[in-house]
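Subject: Structure handover

Dear colleague,

Here is the structure you asked for, with its sequence. My notes on it follow below.

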Amino acid sequence: MYELARTLLFALDPETAHDLSLRALAGAHAVGATRRLHPALPDDPVRVMGLTFPNPVGLAAGLDKNGAFVEPLAALGFGFVEVGTVTPRPQSGNPRPRVFRLPQASALINRLGFNNDGLPPLVARVRDARPRALLGINLGKNADTPIERASDDYVQGLRAVYPHARYVTVNISSPNTRELRALQGGAELDALLAVLAQERARLSDQHGRRVPIAVKIAPDLTDQDLTRIADALVAHGFDAVIATNTTVAREAVADLPGSQQAGGLSGGPLFARSTQVVRTLARHLQGALPIIGVGGILCGADAVEKLRAGASLVQLYTGLVYRGPGLVAECRRATAEHRTSGAAAPCAAS
């Protein structure tokens, strides 16, 4: 069924298809039809960051930037849904066209640039949402905020979403906001983490609960950078690392039409590198910090491979574009089987 829908959607501009898909999902949810999009599956709870996730399969940030579709997306069977990236002030992002499909590689390139409605509309929407899945909110900085003032934007975001998020993600790894990835540098990262840790302590006292904070990192880092970042997160008391964001590398798709478009590459070509980052982090951390694995999951066996590499949770995005809602149930079955028996079926041809 999704193969037919995909054919129709792929005839449209990617952003138009994205918006149409979300609105169709919301309409289906409004009439109680989303439960037909996935089979009933038993919970497979996992404890991570001090939270109990109904299952380890989540939605990555970027699909629902404005928190407008939390309940319909959660109804697809996710254990957690991460919305955003949201910036303090609304911004339109980079000029269109800014999303490109590479169907031969089950990949996307995007240079969206944190297009979103800003904090107040997102907070108003998620305040009233009642998803069964846990809600994460992904924070970024505005494009016109100087990099030396980036912490101001993240602190403002943390204050606004703290009462409504089950966990918060600090996005310092998108390649589509100028200089953002510089925040992964040694001194820059330490300064940002120190400010956020101090603000989280204050908010924890104010609200009477400690909201976990994860940090999302890039795949285009050396092993030395990865271990340095991991040590900094542990030292400052952060709760998880999300590995990884999109990549600026193009080696895996160099011969494909459209592959040299600027932006972050996601989907199949990212899988190997993002999984290696998970493996490197897990080897270094030795359980000191949980890892959320994301990047190139196109089938259940891919999700299992992230767990085997050392991830505690996984997230999907581009795979949904190519596989549809059925990917959620497939990943849930595969991860549940792996967690109980260690087995996993190989990916089927799609």
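Buried, in what follows, means a relative accessible area under 20%, and exposed means over 50%, with partly exposed in between. By that cut-off V277 is buried, because its relative accessible area is 0%. Please keep in mind that this is a predicted model.

V277 and its surroundings

V277 belongs to helix 8, residues 271-285. Leaving aside residues up to four places away in sequence, V277 is in contact with I217, P219, L226, A243 and T244. The C-alpha atoms of V277 and L221 lie 8.6 Å apart, although 56 residues separate the two in sequence.

T246 is in the loop between strand 10 (240-243) and strand 11 (264-267). T246 is also buried, at a relative accessible area of 10%. Its contacts, again not counting residues up to four places away in sequence, are N110, P175, R181, P219, D220, G264, L265, S266 and L270.

Eight strands form a closed barrel in the order 3-4-7-8-9-10-12-13, and the pairing is parallel. On average, neighbouring strands of this sheet are turned by 25 degrees against each other, direction ignored. Strand 12 (residues 291-294) and strand 13 (residues 313-316) run parallel and are joined by three bridges. In that pair, V294 is placed opposite Q315 of strand 13. Helix 5 lies across strand 7, strand 8 (167-171) and strand 9 (213-217), and runs at about 160 degrees to strand 7.

Strand 5 pairs with strand 6 (residues 107-110) in the antiparallel sense, over four bridges. F100 stands opposite I109 of strand 6. Strand 5 is covered on both faces: V99 and R101 are buried on one side, and F100 and L102 are buried on the other. The hairpin has four residues between its strands, and S106 there takes a positive phi near 50 degrees.

Helix 7

Just after helix 7, G237 has a positive phi of about 75 degrees.

Salt bridges

Side chains of opposite charge can pair when their charged atoms come close. The count here is 16 salt bridges. Some of them are described below.

R339 and D44 form a salt bridge, with 2.9 Å between the closest N and O atoms. This pair links distant parts of the chain, 295 residues apart: R339 is in helix 11 (residues 326-341), and D44 is in the loop between helix 2 (14-30) and strand 1 (46-48). How do the two ends compare, buried or exposed? R339 is partly exposed, with a relative accessible area of 36%, while D44 is buried, at 12%.

R89 and D144 also meet in a salt bridge, at 2.9 Å from N to O. R89 is in the loop between strand 4 (80-86) and strand 5 (99-102), and D144 is in the loop between strand 7 (134-139) and helix 5 (150-161), so the pair ties together parts that are 55 residues apart in sequence. R89 is partly exposed, with a relative accessible area of 38%; D144 is exposed, at 57%.

E199 and R202 form a salt bridge at 2.6 Å, N to O. Both lie in helix 6 (residues 186-207), three residues apart, which is about one turn of the helix. An α-helix has 3.6 residues a turn, so residues three or four places apart point the same way. E199 counts as buried at 8% relative accessibility, and R202 counts as partly exposed at 39%.

Finally, E15, R96 and R98 are linked in a network of salt bridges.

Regards

Methods:
Residues are numbered from 1 along each chain as its sequence is written. This is a predicted model: local features need pLDDT of at least 70, side-chain atom pairs count only at pLDDT 80 or more; totals for chains, interfaces and linings use all residues. Side-chain values use heavy atoms; hydrogens and water are left out. A salt bridge is a side-chain nitrogen of Lys or Arg within 4 Å of a carboxyl oxygen of Asp or Glu. Helices (H or I, at least four residues) and strands (E, at least two) are DSSP runs, numbered from the N terminus. Buried means under 20% relative accessible area, exposed over 50%, partly exposed in between (1.4 Å probe, protein chains only). Two strands pair if DSSP finds at least two bridges between them. Contact means heavy atoms within 4.5 Å. Axes are lines fitted to C-alpha atoms, for helices over the stretch in contact, and angles run from 0 to 180 degrees between N-to-C directions.
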